Amino acid sequence: MYGANMGVLLQVLWAQLLMGWARGSELTFELPDNAKQCFYEEITIGTKCTLEFQVVTGGHYDVDCRLEDPEGNVLYKEMKKQYDSFTFTAARNGSYKFCFSNEFSTFTHKTVYFDFQVGEDPPLFPNENRVTALTQMESACVSIHEGLKSVIDYQTHFRLGEAQGRSRAEDLNTRVAFWSIGEAVILLIVSIGQVVLLRSFFSDRKTTTTRVGS
Amino acid sequence: MSPFSQIVFIALLSSLSLTRALYFHIGETEKKCFIEEIPDETMVIGKYRTQLWDKQTAAFLPSTPGLGMHVEVKDPDTKVVLSRQYGAEGRFTFTSHTPGEHQICLHSNSSKMALFTGGKLRVHLDIQVGEHTNNYPEIAAKDKLTELQLRVRQLLDQVEQIQKEQNYQRYREERFRMTSESTNQRVLWWSITQTVILLITGIWQMRHLKSFFEAKKLV
């Protein structure tokens, strides 16, 4: 019994070690106007990585994105992009830097979502003694898992697109209210102003005509 | 080793697994906020680690005592769910009770301000949401599952997350529809109101000017 427990513990330790090698980070953050936000990630050589980003709210829904390797070489650079996905294989060990810039905008805050996947997912139940291939049941489970992962990914993108549409609709709603009230007020002011101005023209002429008469 | 101590050991190990993660730099008084749009009853686990820039060695120190971060989490109604001070390395967790955009804000709050003069702070951050918070090796050890059972458990968790997200999507779509209908109503009523105001002011102007000119004996 003690041996089995130790075996499980060793497997858990191995899982923890592996978890440090493959991971993904997805974050949504707010980028103020004229601001630049950079993120860094330590990547080992030969790892396949994917950077995906989407602008959720703000202005024209575009942002500048730039990805650099540890030596400063620009691997990916796009200006005013709304959504993009970039896959690359790390050619060097070190810290990779990717930046989002809203410096071209004067007064709109942007909300940016990004998903940076490094490497493959860690195996679920790592077993160093594994020599046999996966059974049919296990490989069916693996393919269902991959399918569900892509469903969750599509759901995320759908949610972001829906958030974008909803923020535009809410913007439109408040704008319609303000502009309508503003227009009604301007209408009243202009119509009363016209009458007052017209009246003032006629009262001046009356005094001049009487003076000319006498 | 008893199962309880085993679980404790595993939990301890899992909480320390932030050796390498995404990191960014933060200034002294800067507050960095991240938004998580999640359905209700979803667990979120965030882990961070801070490192201070040392001018003498021109590198980031591996660990500095006295550094602290204040973590504040707000729910979609801007009500504070979590507001706590953690040390240089911390782990915070919360479960959402209302669906929507939750805001996780971090700002540094070190006890020794002298440490910070002109320095940058490097923050390693890892936020996991929903079924990513599950630690499968831990679950396998606790419930004594075989590999197949563990895989099926993972699939069940994923499907549950998809279901929650779909429910949340239905709630969001309803809100969107309400906003569009409200805009539609507003456009309709304000157009009618403005036309009525226009007609009334036109009639009032003509009548007022007519009586004005009659009084001035010009008409």
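Reply: In this predicted model, 72 residues of chain A are in contact with 65 residues of chain B. The two chains bury about 6500 Å² between them, and carbon and sulfur atoms account for 65% of that area. Polar interactions are present as well: 19 residue pairs, both at pLDDT 80 or more, are in polar contact across the interface of chain A and chain B. On the side of chain A that touches chain B, at least two residues each come from helix H1 (2–19), strand E1 (23–31), strand E2 (36–43), strand E7 (94–101), strand E8 (110–118) and H2. Of these elements, H2(A) gives the most, with 38 residues. By residue class, this side of chain A divides into 39 nonpolar, 18 polar and 15 charged residues.

Charged pairs also span the boundary, with five salt bridges found across the interface of chain A and chain B. One salt bridge joins Arg175(B) to Glu170(A), where the closest N and O atoms lie 3.2 Å apart. A network of salt bridges links Arg159(A), Glu162(A) and Arg166(A) with Glu37(B), Glu165(B) and Arg172(B).

Over all chains, the search of the whole structure finds 18 salt bridges. Some of them pair residues of one chain. In chain A, Glu146(A) and Lys149(A) form a salt bridge with a closest N to O separation of 3.7 Å. Both belong to helix H2 (residues 136–213) of chain A, and because they are three residues apart, about one helical turn separates them. Glu146(A) is partly exposed at 43% relative accessibility, and Lys149(A) is likewise partly exposed, its relative accessible area being 27%.

In chain B, Arg151(B) and Glu147(B) form a salt bridge at 3.0 Å between the closest N and O atoms. Being four residues apart in helix H3 of chain B, these two residues are also separated by about one helical turn. Arg151(B) and Glu147(B) are both buried, which means that each has under 20% relative accessible area.

Another salt bridge of chain B brings together the side chains of Asp143(B) and Arg153(B), at 3.4 Å from N to O. Asp143(B) lies in helix H2 (residues 136–143) of chain B and Arg153(B) in helix H3 (residues 147–215) of chain B, so this pair ties together parts that are ten residues apart in sequence. Asp143(B) is partly exposed, with 35% relative accessibility, and Arg153(B) is partly exposed at 29%.

Technical notes. Residues numbered from 1 in each chain as written. Chains lettered and ligands numbered in written order. Predicted model: local features only at pLDDT ≥ 70, side-chain atom pairs only at ≥ 80, totals over all residues. Heavy atoms only, no water. Salt bridge = Lys/Arg side-chain N within 4 Å of Asp/Glu carboxyl O. Buried < 20%, exposed > 50% of the residue type's maximum accessible area, 1.4 Å probe, protein only. Contact = heavy atoms within 4.5 Å. Buried area = accessible area lost by both parts, 1.4 Å probe. Polar contact = N/O pair within 3.5 Å; in protein donor to acceptor, adjacent residues only side chain to side chain. Nonpolar A, V, L, I, M, F, W, Y, C, P; charged D, E, K, R; others polar.
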